[in-house]
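Trainee: Could you give me a close look at one strand and the parts around it? Please define each term as you go.

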Amino acid sequence: MFQKILIANRGEIALRIIRTCKEMGIKTVAIYSTADRESLHVRFADEAVCIGPAASSQSYLSIPKIMAAVEITNADAVHPGYGFLAENAEFAEICTEYGIKFIGPTPDQIRQMGDKITAKETMIKAGVPVVPGSGGLLQDLETGLKIAKEIGYPIILKATAGGGGRGMRIVRQEDEFESLWNIARQEAKAAFSNDGMYIEKYIEEPRHIEFQIVGDQFGKVVHLSERDCSIQRRHQKLVEESPSPFMTPELREKMGNAAIKAGEAINYEGVGTIEFLVDKYRNFYFMEMNTRIQVEHPVTEEVIDHDLIKEQIKVAAGIPISGKNYYPNLHAIEVRVNAEDVYADFRPSPGKITSLHTSKGHGVRVDTHVYAGYTVPPYYDSMIAKLICKAQTREECITKMERALDEFIVEGIKTTLPFHKQLMKNEDFRNGNFHTGFLNTFVMEKPKD
Ligand code: MV4
């Protein structure tokens with residue numbers, strides 16, 4: 001087992017990783033930027049190293065600075081968390097060259113899933129269903145037009161280096177193709193320095209259902225059931241739950257087997273997520289794979305009663321997994337509490353938290369790095385807490401979430417709490433009747449005063 005893990009991240013996930021390390025008897029090293037001096041991950045780690053100024057490019061994204069911190073603290077492994085360098089193959093490679101274990105998949109596995117066309121080709125070979133499409137890079141506009149016609153409109157243009165919705169455009173008819181093709185390519189080039197595009201049939205009103213998988217170093221891959229992440233706004237997830245209200249035992253068996261095949265196809269090592277689109281007829285299609293621990297991992301932890309960070313560290317240390325799949329015994333819902341003004345188009349609302357009370361009680365979990373008196377810096381992600389509730393049934397879980405939301409009080413900054421309170425009352429949400437376009441038509445009621 002590792003002696004000392006350096007956590008190459010900040011915020012709630014850094015704290016989350018420190019907690020598991022302490023429970024496993026592993027020493028921890030925090031790294032921090034000057035903007036995070038007062039952060040709890042700095043206080044709770046055994047050691048902490050300041051690695052640079054607030055700008056991520058000069059701190060949490062700076063590989064040389066992180067490797068220097070690894071060196072001076074004598075850490076033998078690095079946990080990247082999510083975001084920042086978590087899916088950076090070069091970083092994983094440099095760790096390996098230094099003889100430091102990167103807690104995650106191999107650089108090759110990260111690369112194979114980072115390029116979306118390569119990932120899709122791998123899935124087709126493995127027999128995992130994918131959305132019908134161009135099956136490769138589009139050479140030029142003329143080829144694009146020809147293939148779109150063959151597939152039939154509506155189609156969706158996607159960037160091979162993309163993910164999370166950037167460099168993506170829906171084309172509903174032929175006369176829009178040229179202009180949207182140009183916009184999508186420009187966006188991809190600016191965001192990823194790669195304007196390679198491909199086409200897929202556009203699936204109307206899909207659900208986003210993802211499977212959590214774990215693979216060990218001996219080629220064994222299992223699934224830990226699904227999470228429904230359909231409640232999103234501009235590709236930012238706001239609510240996640242497990243099980244999916246749309247799931248059936250038959251569909252779980254089919255999708256779970258496909259997720260395992262996807263992991264086996266690349267000999268996947270670590271925790272990962274296979275994202276699927278599911279249409280209203282319950283046809284499912286591989287969309288992409290996330291080769292990291294995700295923000296929403298707690299909903300899976302709650303319904304299967306396992307610590308996913310512990311599993312991740314164990315497989316990284318070469319311990320074999322038990323070899324069985326896990327099925328949800330309870331219902332869990334997570335809502336993301338972001339420092340944003342929901343009445344001003346979800347605009348960021350950083351600043352000092354003057355007063356704080358987090359929800360408590362049976363079946364309630366709050367993962368957060370903030371406290372009363374803490375100042376939310378403007379430089380990073382706006383998420384300040386995750387509120388997770390679990391109960392025997394979905395209905396009870398929503399009721400518990402409503403009561404937990406009522407006792408979550410944040411003063412000094414605006415948060416997404418009012419949005420969640422209204423969502424929990426929405427009839428379609430309560431009936432499990434929603435898809436990825438749900439929030440496009442969800443109208444917030446104005447505040448009372
Ligand atoms: C799609 C799609 C419909 N059809 N692909 C959005 C982010 C990126 N990961 C892929 N995305 C989509 N791909 C086909 N062929 C609809 C979306 C999509 C979406 C997917 C998941 C969650 C929210 C979404 C919001 C809008 C569009």
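Mentor: Start with one pair of residues. A159 stands opposite M197, and M197 belongs to strand β8. Before we go on, know what you are looking at. This is a predicted model, in which local features need pLDDT of at least 70, side-chain atom pairs count only at pLDDT 80 or more, and totals for chains, interfaces and linings use all residues. Residues are numbered from 1 along each chain as its sequence is written, and side-chain values use heavy atoms, with hydrogens and water left out.

Now the strand's partner. Strand β6 covers residues 155-159. It is joined to β8 by 5 bridges, and the two strands run antiparallel. Two strands pair if DSSP finds at least two bridges between them. The element names also come from DSSP: a helix is a run of H or I with at least four residues, a strand is a run of E with at least two, and both are numbered from the N terminus.

Is β8 mostly covered or mostly open? It is mostly covered, with 4 of its 5 residues buried. Buried means under 20% relative accessible area, exposed means over 50%, and partly exposed lies in between (1.4 Å probe, protein chains only).

Next, the ligand. It has 17 residues around it, and K158, E200, K201, I203 and E288 come nearest. A residue counts as near when one of its heavy atoms lies within 4 Å. A polar side-chain atom of K158 is 2.9 Å from a nitrogen atom of the ligand. For I203, a polar backbone atom sits 2.9 Å from a ligand nitrogen. E288 places a polar side-chain atom 3.1 Å from a nitrogen atom of the ligand. A polar contact is a pair of N or O atoms within 3.5 Å; within protein, one must be able to donate a hydrogen and the other to accept it, and residues adjacent in sequence count only if both atoms are side-chain atoms.

Step past β8 to E204. Its salt bridge partner is R172, with the closest N and O atoms 3.0 Å apart. This pair links distant parts of the chain: E204 is in the loop between β8 (197-201) and β9 (207-215), R172 is in the loop between β7 (169-171) and α8 (177-192), and they are 32 residues apart. A salt bridge needs a side-chain nitrogen of Lys or Arg within 4 Å of a carboxyl oxygen of Asp or Glu. E204 is partly exposed, because its relative accessibility is 40%. R172 has 43%, so it is partly exposed too.

Move on to strand β9. There, E210 forms a salt bridge with R227, and their closest N and O atoms are 2.9 Å apart. R227 lies in strand β10 (residues 221-233), E210 in β9, and 17 residues separate these distant parts of the chain. Both R227 and E210 are buried.

R227 leads us to T300. T300 touches R227, along with Q212, L224, D305 and L308, leaving aside neighbours within four places in sequence. Contact here means heavy atoms within 4.5 Å. T300 sits in helix α10 (residues 297-304). Its relative accessible area is 0%, so T300 is buried.

The structure holds 33 of them. One joins the side chains of R10 and D36, at 2.7 Å from N to O. R10 lies in the loop between β1 (4-7) and α1 (11-23), and D36 in the loop between β2 (27-33) and α2 (40-44), so the pair ties together parts 26 residues apart in sequence. Both R10 and D36 are buried.

There is also a network of salt bridges, linking R16, E301, E302, D307, R365, D367 and K390. Take D367 from that group. It lies in strand β19 (residues 364-368). D367 is buried, because its relative accessible area is 5%. Its side chain makes a polar contact with the side chain of R365, at 2.9 Å.

Last, step back to the domains. The protein is divided into domain 1 (4-103), domain 2 (132-201) and domain 3 (207-440). These bounds come from an automatic or database domain assignment. The centres of domain 1 and domain 2, taken over C-alpha atoms, are 37 Å apart.
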